Amino acid sequence: MTLLLEARKVRELAYAPYSGFKVGAALRSPDGRVFVGCNVENAAYPEGVCAEAGAISAMVANGAREIAEITVVADSPAPVPPCGGCRQKIAEFATAHTRVVMATLTGLEMTMTVAELLPGAFGASHMDKS
Ligand code: THU
């Protein structure tokens, strides 16, 4: 199944009673495995978790550490870009060139690289002391 189909499928399972905005994310690690996530909201609003974060947690919990490609889908008029926090979370496990595909249920699609989404990203190298 394509990442888009996986993302659309998991999106249906999203728990979004407060925003009513369901999001699905599917990522592929270099070995070909696919991990999915959906947004999970909470009555204490800031405790909600984005779809991308869920997919990354599933990846790490299954022993993978690299995002080769990630697709995010939502029922929006235009492709939804990952929020700022999710851009940072994606960057942790991707390269500057990794493709982030954003899609709508109606078939609109936009692709950007991690570097385009998060220019000047803070990373582990900024904590080097030498
Ligand atoms: N959301 C995601 O899951 N991913 C995004 O890329 C954008 C926003 C969720 C968070 C919240 O549950 C809902 O969409 C509305 O912001």
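User: What volume does the largest pocket have?
Analyst: This is a predicted model, where local features need pLDDT of at least 70, side-chain atom pairs count only at pLDDT 80 or more, and totals for chains, interfaces and linings use all residues. Residues are numbered from 1 along each chain as its sequence is written, and side-chain values use heavy atoms, without hydrogens and water. A pocket is an open set of points on a 1 Å grid over the protein atoms alone, with protein on both sides within 12 Å along at least five of seven lines. The largest pocket has a volume of about 250 Å³.

User: Which residues lie closest to the centre of the largest pocket?
Analyst: Lining residues have an atom within 4 Å of a point. The largest pocket has 19 of them. They divide into 14 nonpolar, 3 polar and 2 charged. Closest to the centre are F21, V23, N39, E41 and C50.

User: Which element gives the largest share of the lining of the largest cavity?
Analyst: In a cavity, a 1.4 Å probe fits but cannot get out. The largest cavity has a volume of about 40 Å³, and its lining is R87, I90, A91, V100, V114, L117 and L118. Two or more residues each come from α3 (84–92) and α4 (114–117). The largest share, 3 residues, is from α3.

User: Is Y18 buried or exposed, or in between?
Analyst: Y18 sits in the loop between α1 (3–11) and β1 (23–28). Buried means under 20% relative accessible area and exposed over 50%, with a 1.4 Å probe and protein chains only. Because its relative accessibility is 40%, Y18 counts as partly exposed.

Notes:
Helix = DSSP H or I, 4+ residues; strand = E, 2+ residues; numbered from the N terminus. Points joined across faces, edges and corners; volume = space filled by probe spheres on them. Nonpolar A, V, L, I, M, F, W, Y, C, P; charged D, E, K, R; others polar.
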